[in-house]
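Hello,

Here is the structure I promised to pass on. Please look it over first; my notes follow below.

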Amino acid sequence: MENYDLVISGGTIATASETFKADIGIRDGLIATVGNDLIGEDVIDATGKLVLPGGIEAHCHIAQESGMGLMSADDYESGSISAAFGGNSCFIPFAAQKKAESIAQTLETYDSRAASKSVIDYSYHLILTDPTPAVLQELPEAFDRGVTSFKVFMTYATRISDAQFLDILSVASKHGGLTMVHAENHDMLTFMANSLVKNGCVAPRYHALARPALAEEEAINRAISLAGLVNAPLMIVHVSTPGGAASVAEARARGAFVFGETCPQYLFLTHDDLDRPGMEGAKYICSPPLRDHATQEILWQHISAGTFSVVSSDHAPYRFDGTGKFAAGRDVDFRKIANGMPGIEMRLPLMFSEGVLKRRIGLNQFVALSSTNAARLYGMHPRKGTISVGADADIAIWDPEEVRVVGEMHDNMDYNPFEGMEITGWPVTVLGRGKRIVDNGALMAKPGDGAFIARDRTDLTGMSGTRLAETNRTRKFGAEVLS
Ligand code: URP
Ligand code: ZN
Ligand code: ZN
């Protein structure tokens with residue numbers, strides 16, 4: 001009988017498609033076998049536990065300046081530790097281009113911010129804020145070095161125009177990159193915010209009124225149309241509205257390569273949280289804003305129906321003090337309060353407890369939404385996001401019965417928006433390439449144990465979506481548009 005470096009024995013394994021009882025044999029950081037009665041140098045007894053692919057956090061802001069120029073509270077060390085305690089073995093934060101900066105410079109900056117710090121494997125999505133012709137020419141080089149996805153903004157000071165958006169999407173379509181978009185109509189937001197502030201409506205609660213659902217819905221529809229024109233696959237991040245989700249569902253149903261993401265804050269919090277006493281509401285300012293209970297129910301329906309490919313945290317940590325939320329002062333109007341909230345450690349426990357255990361989604365769907373789909377979309381599958389022979393042994397072992405009341409997390413934040421919730425089911429051990437990162441409440445990994453993962457281009461084979469005939473390059477229509 002073969003000996004393995006590590007055997008996980010007696011657990012119930014769940015992937016995105018199957019649930020079964022078996023042992024996992026790990027050698028040299030890889031899954032060497034899945035079988036029965038395996039013998040290892042080291043053994044983790046997973047009896048009564050769930051053995052799942054480690055989570056992949058595909059939307060988080062780590063060691064990154066916001067659109068307002070504010071540095072996030074978490075760096076690659078604290079951010080990755082918090083992610084690991086929340087069941088993740090890999091994450092993909094953003095590398096944000098500054099105005100007039102080349103992509104090479106941006107990536108160099110983030111390489112230095114991440115190197116020797118992360119306890120889990122990582123990659124980056126670029127954020128493009130200044131898509132000059134030279135920058136667009138550089139983009140395929142970034143894809144070649146494994147940074148195959150990037151985000152653009154339709155609002156904030158970092159927004160791009162529709163013309164720039166089309167140029168970017170064309171390059172992505174031609175060279176195989178995946179464009180992610182923050183979709184809100186900037187002029188609608190500015191109009192609303194100015195009207196509110198002019199009338200003295202400046203408290204945090206007005207942040208939600210200033211960013212109406214219509215602004216997101218209009219921008220999502222426009223983004224889908226722009227991507228459709230040049231046949232570019234598109235990921236709409238942090239969808240928060242029924243209309244936005246319906247547009248993603250409709251685009252997918254007619255065969256467009258459109259993907260959607262939503263986040264726990266839109267499922268568990270509402271704009272009532274922005275109306276907490278004093279400035280407490282500032283803790284809940286994020287964009288798009290929190291909506292209402294009816295929206296939560298509709299977003300859950302879209303999750304269970306498969307509209308969304310991923311549920312991500314959009315961890316954007318700004319402390320409740322002058323380094324974060326109140327960097328522009330404490331008595332400022334809602335427009336000047338830092339946007340974003342933490343949640344990298346909460347994403348999976350929330351989705352397991354309130355999704356799987358409350359029977360809104362199945363266990364396999366939980367795995368798909370939290371790991372496998374991100375691995376596929378962002379070019380890491382089958383190395384990551386699944387439990388199969390030859391894959392990295394990135395595994396999260398969950399106790400499905402452990403109950404905890406949410407309190408402080410392991411991030412560098414001074415508040416947790418989900419504090420006080422009772423959550424059932426927590427990850428107890430997380431492995432990265434066969435090594436314990438977290439084990440029974442203790443951090444076992446060191447900063448630098450996580451490695452940069454060069455990602456492949458998204459393989460759209462087998463994903464819903466058909467190339468629209470008008471601009472199908474293989475049929476030569478629209479070739480000039482796309483060249
Ligand atoms: O409010 C948020 N979500 N801040 C982070 C930046 C973004 O738009 O994702
Ligand atoms: Zn965004
Ligand atoms: Zn974000």
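**The zinc site**

The zinc ion (ligand 3) sits 3.9 Å from the zinc ion (ligand 2). This is a predicted model, where local features need pLDDT of at least 70, side-chain atom pairs count only at pLDDT 80 or more, and totals for chains, interfaces and linings use all residues. Residues are numbered from 1 along each chain as written, chains are lettered from A and ligands numbered from 1 in written order, and side-chain values use heavy atoms, without hydrogens and water.

Which protein atoms hold the zinc ion (ligand 3)? The donors are His59 (NE2), His61 (NE2) and Asp314 (OD), at 2.0 to 2.1 Å. (Donors are N, O and S atoms within 2.8 Å of the metal, or 3.2 Å for Na, K and Ca; water is not among the atoms, so sites may look incomplete.) The site is tetrahedral, with angles of 89 to 128 degrees among four donor atoms. (Tetrahedral means four donors with all angles between 85 and 135 degrees.) The donor residues are spaced H-x1-H-x252-D in sequence. His59 lies in strand β8 (residues 55-60) and Asp314 in the loop between β16 (310-311) and α11 (347-356), so the pair ties together parts 255 residues apart in sequence. (Helices are DSSP runs of H or I, at least four residues; strands are runs of E, at least two; both are numbered from the N terminus.)

His59 is buried, at 0% relative accessible area. Asp314 is buried too, at 8%. (Buried means under 20%, with a 1.4 Å probe and protein chains only.)

**Arg252**

Arg252 belongs to helix α8 (residues 242-253). Its side chain reaches the backbone oxygen of Val258 at 2.7 Å.

Best wishes

Note on methods. Tetrahedral: all angles 85-135°; square planar, octahedral: opposite > 155°, others 65-115°. Buried < 20%, exposed > 50% of the residue type's maximum accessible area, 1.4 Å probe, protein only. Polar contact = N/O pair within 3.5 Å; in protein donor to acceptor, adjacent residues only side chain to side chain.
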